[in-house]
Amino acid sequence: MSNLTSDSQKRVLSGMRPTGKLHLGNYMGALYNWVRLQHEYECYFCIVDWHALTTDYADTSQVAENTREVALDFLAAGLDPEKCVLFIQSHVKQHAELHLLLSMITPLGWLERVPTYKEQQENITGKDLTTYGFLGYPLLQSADILIYKADFVPVGQDQVAHVELTREIARRFNQFYSNPIHPDAPIFPEPQVLLTPSPKLPGTDGRKMSKSYGNTILLTDPEPVIRQKLKPMVTDPARIRRTDPGNPEVCPVFDLHKVFSSAETQQKVRQGCTTAGIGCIECKSWVADAIVAEVVPIQERRRRYENDPGLVKDILADGEHRASARAEQTMCQVRAAMGLAE
Ligand code: TRP
Ligand code: SF4
């Protein structure tokens, strides 16, 4: 019990880029987990629209609309504004101020060495990412985290290096500067990763589900669309005829069963597939059932918020207010520690 109470005071911060309507991969990789965390921690969840600009600066026409869609998906997925703070990064200007101040102490080499920097420059074609803003991407993320003095950062494996950088920045800041009133209490705690378990979630072509592959199932897809998208989905390539037995362990449809279906259904599939007792069409209809069951309550909640844009606006304004208050507290300490005039 005492453990529970102290845990409940621990802070969690995470962010998501506004990519537009979210798909099942985004949901399982983040929101599904965040919804559970909001009951255990003091949680801050933000839509990081400035981060979107680091890659999409040449065409910003979708940023506001995408931010709105992600906000609706946050609420639809079950993030509860009574239980956590939901806000838009660019509405809390202190993130930019802390990013600037941290940039003063950040060696260029630390940013150039972050693995995502080179990877993304090579993988994202058609965009010039040799910009100052893109190099600073992980430092802006550090500012997002440190400004709330977050203890935990729920992210996937791909973000671990960014949290590691954040820890190094915190340490370096604490070495240079201290609180004038409490010189022994470091200003920034070192945040820890809360690794989000990431089950394999294939898209309809069998590759990882990703917007850029065009193989996604959206949280907002109506039931007939979900069934339609699953129909042509890749299965065990060795199962050519209905009478051929299959191997679920090499089948992307079964990967979806593992995430969404009950243990009983999974067992039925294992049994039916390996004995050619069921066909792939039937098997896909079962996984469609499970996905539909997961998204229907999400879609119902979303509809209520879509029909009440004033409510969403109020929720985000309240989130901005609460996040700003916390961020401003930290910034007062940071400005004083760095010797800036009051
Ligand atoms: N870089 C993260 C991603 O691509 C998004 C992000 C921005 C973030 N700021 C953050 C995640 C702070 C966790 C904490 O997913
Ligand atoms: Fe895959 Fe199901 Fe077909 Fe087996 S029956 S190959 S698990 S889709």
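The model is predicted: local features need pLDDT of at least 70, side-chain atom pairs count only at pLDDT 80 or more, and totals for chains, interfaces and linings use all residues. Residues are numbered from 1 along each chain as its sequence is written, ligands are numbered from 1 in the order in which they are written, and side-chain values use heavy atoms, with hydrogens and water left out.

## Polar contacts of the ligand

Polar contacts are pairs of N or O atoms within 3.5 Å. A nitrogen atom of ligand 1 lies 2.8 Å from a side-chain N or O atom of Tyr 137, and a nitrogen atom of the ligand is 2.9 Å from such an atom of Gln 159. An oxygen atom of ligand 1 is 3.2 Å from a polar side-chain atom of Arg 17. Taken alone, ligand 1 exposes 370 Å², of which the protein buries 92% (Shrake-Rupley method, 1.4 Å probe).

In helix 13 (residues 263–274), Thr 265, Gln 266, Val 269, Gly 272 and Cys 273 are buried, meaning under 20% relative accessible area. These residues fall within an arc of 135° seen down the axis, so they line one face of the helix. The face turned away from them carries Ala 263 and Glu 264, which are exposed (over 50%).

Definitions and conventions: Polar contact = N/O pair within 3.5 Å; in protein donor to acceptor, adjacent residues only side chain to side chain. Buried < 20%, exposed > 50% of the residue type's maximum accessible area, 1.4 Å probe, protein only. Helix = DSSP H or I, 4+ residues; strand = E, 2+ residues; numbered from the N terminus. Arc of directions from axis to C-beta.
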